[in-house]
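Welcome! Here are a few exercises to work through with the structure open beside you. Try each task before reading its solution.

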Amino acid sequence: MSDKADLKTFKFEESSFRVASVSDRFTAFIIDCTLLWIVVLCTMNDAVMAGDANAIADALSAPSAFHYSVYALIQVCIICIFGRSAGKCAVYLVPINIRTGQQTSALEYLLLRTPAWLIFGNFLIFDDFLDGWPVWINCLMIVFGANSRGIHDFIAGTVIVDLPPDSKEGGSEKQQGDTPPHQPDTAGKQA
């Protein structure tokens, strides 16, 4: 992914990228939600220490603006460092620009993809937004649409792909079975 793609000739359908599975995307979403719940629990020391189950349940079902702010700060830091959310880092998924084949920059991720995801893909924040229809339409697009792209992916011009095996140590198990092990370049070397 480090080589510059030719803007005129890059075609995602002809590339070697493998679109992330719906289950991997769902797993990344669950990890991001879990991170929010960890933030909530870490900022509720009094209720947690007292064992107030009702206060904990209320906070987990409706996090406050403070919780979302702390969570957003953590995610922004992770996106600025890695170019993707904590969930995508954990599952080895990468958002790429569908027109260039390059990984989206942190700025593109934060300014295009994240606001669109907050509106069209986040059950936690906008469940009541138009009775939740944008969220459900977005989910259906990811499950049944071409390249598993949601509304937020179309707005940002991204597609979520599996991180290539040579970009991480050892690759994931599913990729190790699909690709031959790396062979050192021995051309021109004598024993």
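**Exercise 1. The largest core**

Which residues make up the largest nonpolar core? Keep in mind that you are looking at a predicted model.

*Solution.* 
- Step 1: Begin with the members. The core holds 11 residues: Leu35, Leu36, Val39, Val40, Met44, Ile56, Ala59, Tyr71, Ile78, Ala86 and Cys89.
- Step 2: Next, find the elements behind them. Two or more residues each are given by α1 (22–42), α3 (53–61), α4 (65–82) and α5 (86–91).
- Step 3: Then look for the main contributor. With 4 residues, α1 supplies the largest share of this core.
- Step 4: Look beyond this core too. Another core, of 8 residues, lies apart from it, and Phe12, Val94, Val159 and Val161 are among its members.
- Step 5: Finally, pick out Cys89, one of the residues of the largest core. Once neighbours within four places in sequence are set aside, Cys89 touches Ile78, Phe82 and Arg84 by contact.

**Exercise 2. The cavity**

How many cavities of 30 Å³ or more does a search of the whole structure find, and which residues line the largest cavity?

*Solution.* 
- Step 1: The search of the whole structure gives 1 cavity of 30 Å³ or more.
- Step 2: The space in the largest cavity is about 30 Å³.
- Step 3: Its lining consists of Asn97, Thr104, Glu108, Leu112, Ala156, Gly157 and Thr158.
- Step 4: Sort that lining by type, and you get 2 nonpolar, 4 polar and 1 charged.

**Exercise 3. Two lining residues**

Is Thr158 buried or exposed? And what are the contacts of Glu108, leaving aside its neighbours within four places in sequence?

*Solution.* 
- Step 1: Locate Thr158 in strand β2 (residues 158–162).
- Step 2: Check its accessibility. Thr158 has a relative accessible area of 2%, so Thr158 is buried, since buried means under 20%.
- Step 3: Move to Glu108, which sits in helix α6 (residues 106–120). Glu108 is partly exposed because its relative accessibility is 31%.
- Step 4: Leaving aside neighbours within four places in sequence, Glu108 contacts Asn97 and Arg113.
- Step 5: Compare positions in sequence and space. Glu108 and Asn97 are 11 residues apart along the chain, and 9.4 Å separates their C-alpha atoms.

Technical notes: Residues numbered from 1 in each chain as written. Predicted model: local features only at pLDDT ≥ 70, side-chain atom pairs only at ≥ 80, totals over all residues. Heavy atoms only, no water. Core = buried A, V, L, I, M, F, W, Y, C linked by side-chain atoms within 4.5 Å. Buried < 20%, exposed > 50% of the residue type's maximum accessible area, 1.4 Å probe, protein only. Contact = heavy atoms within 4.5 Å. 1 Å grid on protein atoms, 1.4 Å probe; cavity = no way out; pocket = protein on both sides within 12 Å on 5 of 7 lines; lining within 4 Å. Points joined across faces, edges and corners; volume = space filled by probe spheres on them. Nonpolar A, V, L, I, M, F, W, Y, C, P; charged D, E, K, R; others polar.
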